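Reader: Please take me through the ligand site of this model in close detail. Then place that site against the rest of the fold.

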Amino acid sequence: MKVLITGGTGYIGSHTIIEMIETGKFTPVCIDSCERSTPETIDRIEKITGIRVPFYQQNICDKDGFFQIFEEHKDIIGIIHFAAYKSVPESVEKPLEYYRNNLQSLENVLEVCLKYNIPNLIFSSSCSIYGEVANLPVNEDTPMGAPFCPYAHTKQIGEEMIRFFAHVHPQFNAVILRYFNPVGAHSSGLNGELSPDKPNNLMPIITQVGIGKMKQMAVFGTDYNTRDGSCIRDYVHVSDIADAHIKALEFILEKRNATNCEVFNLGSGSGVSVLEMIHAFEEITGIKLNYILGERRAGDIPAIYSDSVRAEQLLHWHCKYGLKDMVESAWKWEKMLSISQ
Ligand code: WQD
């Protein structure tokens, strides 16, 4: 069964394509503008899987070009929609670019589902829709918080767009997956997160400091009301996140969904602090990281992590990889990158 992956040369999209091919349950077709990724990811996927995935380098905000794919592939039965900008700090600096890109692309995806009768959609959402939460762990019934940045707001609006669309089109089935903090890389070391010149996220910064690409990093705040004063997040291996997309497709294709718009948190059920992640890296790799205890970063919330009961019970999904796997795979990828660059 053929599935279109938007944003398929990105971090989670590419790992999901690899997972699809390795499980053999679905046939991926990839579309990506490569504005935030590279077409070389298709080569890396082929090196890992032996499969050359059909790839269209174009922006799904360009409706005509996007729709053309469905004239060529009339047997697409579903779309996994990853394509979006996803940097919290960048969205604060460039709000209109985030609203335009993230919402226009989703609108085109929903329009294509209608025009070409594509009955299944998996939407990449984010724990950032919860904002700052008092009662942890969060679950799918935790209400959306006031959006703390345009990125989070585009994910909140996106979920509501899908909910209203599903309400008027009962033949359409959507699953919304709320990621917490995806980290790590493919076990082969041949695919992983390709950060922009200066990454924002914790794990790529840790591995770049570890390999010497970055001289020093800072812990953004150690005066939070958490067990060690640094922020707590729910880190999940990217291959576990990828696996959840396969299970979400099976969930709707096997008609196990009670409604035609279901939401799942993809979290591990526990949190890890920034200092704990740094110490885990040092212990696992034997490398001492050069870090300072710095000021808070604007837009950060003190702690968030999820219970994953719903995804375990209904998607039959659980995290197969632990913190050691996340650190080891991220480090293996960083070392591979340093050889190839
Ligand atoms: C994690 C913690 C930082 C760098 C991410 C994605 C976002 C969304 C949610 C999917 C924070 C701290 C970081 C550093 C640090 N995911 N940190 N020093 O902010 O939770 O957001 O998950 O939709 O797209 O960006 O992740 O990795 O940026 O930060 O202390 O050099 O690490 O302050 O507390 P975040 P992150």
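Author: Start with Asp300. One of its polar side-chain atoms lies 2.5 Å from an oxygen atom of the ligand. That is a polar contact, meaning a pair of N or O atoms within 3.5 Å; within protein, one must be able to donate a hydrogen and the other to accept it, and residues adjacent in sequence count only if both atoms are side-chain atoms.

A word on the source. This is a predicted model, where local features need pLDDT of at least 70, side-chain atom pairs count only at pLDDT 80 or more, and totals for chains, interfaces and linings use all residues. Residues are numbered from 1 along each chain as its sequence is written, and side-chain values use heavy atoms, with hydrogens and water left out.

Backbone atoms take part too. A polar backbone atom of Ala218 is 2.8 Å from a nitrogen atom of the ligand. For Phe220, a polar backbone atom is 2.8 Å from an oxygen atom of the ligand. In total, 18 residues surround the ligand, each with a heavy atom within 4 Å of it. The closest are Tyr151, Leu202, Ala218, Arg297 and Asp300.

Now the sheet. It is open and has 7 strands, paired in parallel in the order β3-β2-β1-β4-β5-β6-β11. Strands (E, at least two residues) and helices (H or I, at least four) are DSSP runs, numbered from the N terminus. Two strands pair if DSSP finds at least two bridges between them. β3 (55-56) and β11 (261-266) stand at the edges with a single partner strand each, so one side of each has no neighbour in the sheet. Helix α6 (residues 150-168) packs on this sheet and touches β5 (120-126), β6 (173-179) and β11. Contact here means heavy atoms within 4.5 Å. The direction of α6 makes about 155 degrees with that of β5. Axes are lines fitted to C-alpha atoms, for helices over the stretch in contact, and angles run from 0 to 180 degrees between N-to-C directions.

Next, helix α1 (residues 11-23). 11 of its 13 residues are buried, so α1 is largely enclosed by the rest of the structure. Buried means under 20% relative accessible area, exposed over 50%, partly exposed in between (1.4 Å probe, protein chains only). Among the buried ones are His15 and Glu19. Just after α1, Gly24 takes a positive phi of about 70 degrees.

Last, His279. It sits in helix α9 (residues 274-285). His279 is partly exposed, at 37% relative accessible area.
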